[in-house]
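These are my notebook entries on a structure that I opened for the first time. I set down what I looked up, entry by entry.

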Amino acid sequence: MEYIPNIIFAIILFAGIGYFANNVKKLVRNIKLGKDVDVSDNKPQRWKNMAYIALGQSKMVKRPIAGFLHVIVYVGFVIINIEVLEIIIDGLFGTHRIGHSVLPEALYGFLIGSFEILAVLVLVAVIIFWTRRNVIKLKRFMKSEMKGWPKSDGNIILYFEVVLMCLFLIMNATDTVFQDYNSGNVISQFIAPLFSGLSEAALHTIERAAWWIHIVGILVFLNYLYFSKHLHILLAFPNTYYGKLTPKGQFKNNATVTKEVKLMMDPNADPFAAPAEGTEAAMPEKFGASDVQDLSWVNLLNAYTCTECGRCTSECPANLTGKKLSPRKIMMDTRDRLEEVGKNIDANKGTFVDDGKQLLGDYITTEELWACTSCNACVEACPVSIDPLNIIMEMRQYLVMEQSAAPMELNNMMTNIENNGAPWPYNQMDRLNWKDE
Amino acid sequence: MSEQLIVPTMAEMMSQGKTPDILFWVGSAGSYDDRAKKITKAFVKILNKAKVNFAVLGTEESSTGDIAKRAGNEFLFQMQAMMNIELLNSYNVKRIVTCDPHSFNCLKNEYPELGGNYEVLHHTQFIKQLIDNKVIQIENSNFNGKRITFHDPCYLGRANSEYLAPRDVLSILNANLIEMKRNKSTALCCGAGGAQMFKEPEKGDKDINELRTEDALETNPDIIATGCPYCMTMMSDGVKVKEKENEIKVMDIAELIANAQNL
């Protein structure tokens with residue numbers, strides 16, 4: 001009988017981790033629906049980017065207030081989770097505060113003391129975050145794409161953190177054994193008096209309850225990630241690693257087009273020649289992107305990484321002047337559509353069955369796509385190296401090359417380039433006239 | 001003045017058996033747009049003054065295809081690029097300078113993959129070299145004490161991380177340089193990029209160039225400095241919308257340098 005808590009703990013732990021692992025598998029499968037791209041180059045630079053941007057939060061602090069608060073929550077979250085290790089060992093083996101018996105007293109006290117201080121700092125930061133979203137109502141959290149679930153999602157995450165931090169402190173405060181160490185209870189010693197009238201047994205019950213709810217809460221939170229924008233706490237690392245390394249102004253070269261153009265320009269090429277045996281693909285490759293499968297897997301990883309902070313949108317010149325385009329919405333739409341495609345695959349035994357929908361039109365409108373100035377403000381603003389501009393350009397390419405659906409003025413501009421090598425209808429022979437004017 | 005401009009073409013140079021040190025890529029705006037042509041001429045004045053051995057492609061030049069690519073027409077872009085690369089390589093071009101950040105970005109970053117490898121400079125970078133080498137010196141600048149604010153072109157700044165060269169060049173004017181609140185990596189676009197120059201904007205509550213002009217006006221400038229022919233159009237229009245065209249001039253950095261000494 002005495003092992004029942006251990007067994008229950010083990011079951012909850014493995015169920016929690018197992019369900020999460022299963023969702024991670026789905027996540028990876030969904031990301032791999034994207035086209036392959038070669039990102040194996042320049043590994044040292046990639047590691048460096050990950051270290052600076054994700055681990056070092058270098059772009060977060062570009063906005064000092066949000067950046068500073070975020071660093072507190074981030075550091076707090078990572079460090080306090082060391083405590084989870086102790087909880088898991090205690091839970092599995094029925095020990096109590098195993099750390100105290102294996103670590104030197106002073107070190108254990110120092111660790112728990114730091115966790116307690118961080119817990120309070122995280123609480124303060126989270127409350128400020130909540131206030132920014134719900135009381136001050138910062139503009140970037142109030143945009144149209146932030147209505148409904150995205151708004152609740154943002155708040156739920158904050159509530160989770162408040163509850164987890166409170167449970168951690170209550171757990172310590174009601175742990176009479178821990179309070180008797182009188183080392184490391186830097187914060188909880190001030191909470192303990194609140195429970196002073198209670199019997200030893202009642203205190204123990206509260207301590208056990210806080211302990212259990214704390215660890216179950218962490219497992220629930222872990223599993224919540226997959227359904228939430230909060231995935232960034234994991235995906236920021238691969239995302240910054242695979243982020244763009246070339247100058248921001250350098251847009252992808254379409255190699256299929258290169259082959260065609262080279263063939264056209266080669267005077268020796270025979271346009272009527274039969275393709276060599278086995279070289280001809282059944283279908284000519286589609287240009288650009290109309291759905292998530294046409295995007296690269298890095299684009300799709302970007303979409304799952306986006307935590308909807310809206311720094312991109314708050315710097316976008318189109319959005320700032322009231323146009324429909326919002327780079328954040330581009331990322332949210334991409335993820336929503338990808339999730340839909342993933343569920344479709346799950347429901348149809350592993351194959352995607354055409355659902356008559358696509359990213360272009362059903363999620364992202366042409367009005368949004370054509371409002372982009374390609375200025376890279378969104379790319380620059382993103383604290384985790386997401387590139388919404390690349391998705392916009394891929395979709396423009398589809399519109400123009402597959403559908404000839406550019407705005408009329410742009411068609412005129414392109415016809416001019418074709419005819420006279422300039423976006424305006426001026427004769428190429430007049431190119432040097434300025435010299436004598 | 002204008003008849004004094006010396007503008008050799010690559011074809012002329014080749015026929016004389018000469019090789020220029022650098023090719024001046026004029027670009028479509030610089031060739032045809034009335035306002036941008038003045039920038040082109042100002043830059044040529046600087047090149048002439050500095051006795052730079054340069055040439056232009058003249059009537060052989062054609063659009064880089066940059067705008068077509070941003071508008072989604074990868075095919076047209078690559079056609080233009082490969083034609084240009086064939087021409088540039090046939091002249092054995094090694095270095096290129098241009099007043100257009102869009103051409104600069106395209107030639108520098110997007111041509112190599114298609115076979116065009118050149119050292120490409122934006123004119124502000126080139127002028128900075130001339131200043132550093134003391135080939136161009138400004139004494140008693142005409143812009144002494146003037147309030148100048150610089151608008152970063154997206155394709156020079158964010159796209160290629162060049163924020164210093166234009167500022168370094170402006171610093172020799174002995175003027176009062178004031179930054180807008182959004183500058184360098186957070187500079188606001190003028191609204192022309194991504195082929196917007198050639199179409200009406202989507203529905204919104206303001207035009208982007210108007211918002212950017214407001215940024216500039218906050219610095220209470222005498223002159224808004226630019227480094228891009230499209231930014232020039234947008235900022236000039238913005239100043240007109242705000243009815244400030246009599247008080248505030250929009251000038252390219254090449255024009256400021258050329259005019260600082262009445263070249």
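**Entry 1. A helix pair in chain A.** I note at the outset that the model is predicted. I began with α7(A) and α10(A), which are roughly antiparallel to each other because their angle of about 150 degrees is over 145. Helix α7 covers residues 149-173 of chain A and helix α10 covers residues 200-224 of chain A, and their axes are 9 Å apart. I recorded the crossing of α7(A) past α10(A) as left-handed.

I then listed the residues that meet. From α7(A) they are A:Phe160, A:Val163, A:Leu164, A:Leu167, A:Phe168, A:Ile170 and A:Met171. The residues of α10(A) that they meet include A:Ile206, A:Glu207, A:Ala210, A:Trp211 and A:His214. By class, this contact of α7(A) with α10(A) holds 13 nonpolar residues, two polar ones and one charged one.

**Entry 2. The domains of chain A.** I looked up how chain A is divided. Domain 1 of chain A takes in 4-31 + 63-231, and domain 2 takes in 255-271 + 283-427. Their C-alpha centres lie 40 Å apart. I found 13 residues of domain 1 of chain A in contact with 17 residues of domain 2 of chain A. On the domain 1 side, helix α1 (residues 4-31) of chain A gives the most, with four residues. That side of domain 1 of chain A has five nonpolar, two polar and six charged residues.

**Entry 3. The sheet of chain B.** I turned next to the strands of chain B. Four of them form an open sheet in the order β2-β1-β3-β4, and the pairing is parallel. At the edges I found β2 (54-55) and β4 (119-122) of chain B, each pairing on one side only.

**Entry 4. The domains of chain B.** Chain B is divided into domain 1 (2-129) and domain 2 (138-260). I read off 22 Å between the centres of these two domains of chain B, taken over C-alpha atoms. In their contact, 26 residues of domain 1 of chain B face 26 residues of domain 2 of chain B.

Which elements supply the domain 1 side of this contact in chain B? I found α2 (27-32), α3 (34-49), α4 (66-70), α6 and α7 (123-132) of chain B, each with at least two residues. Of these, α3(B) gives the most, with eight residues. By class, I recorded twelve nonpolar, seven polar and seven charged residues on this side of domain 1 of chain B.

**Entry 5. Where the chains meet.** Last, I looked at the two chains together. I found 57 residues of chain A in contact with 57 residues of chain B. Helices that each supply at least two residues of the chain A side include α12 (255-265), α20 (388-401) and α21 (408-420) of chain A. The largest share, six residues, comes from α21(A). The side of chain A that touches chain B divides into 29 nonpolar, 15 polar and 13 charged residues.

Notes
Residues are numbered from 1 along each chain as its sequence is written. Chains are lettered from A and ligands numbered from 1 in the order in which they are written. This is a predicted model: local features need pLDDT of at least 70, side-chain atom pairs count only at pLDDT 80 or more; totals for chains, interfaces and linings use all residues. Two strands pair if DSSP finds at least two bridges between them. Axes are lines fitted to C-alpha atoms, for helices over the stretch in contact, and angles run from 0 to 180 degrees between N-to-C directions. Angles under 35 degrees count as roughly parallel, over 145 as roughly antiparallel, 65 to 115 as roughly perpendicular and the rest as oblique. A crossing is left-handed if the near helix is turned anticlockwise from the far one by less than a right angle, and right-handed if clockwise. Two residues are in contact if their C-beta atoms, placed from the backbone, lie within 7 Å. Ala, Val, Leu, Ile, Met, Phe, Trp, Tyr, Cys and Pro count as nonpolar, Asp, Glu, Lys and Arg as charged, and the others, Gly among them, as polar. Domain bounds come from an automatic or database domain assignment.
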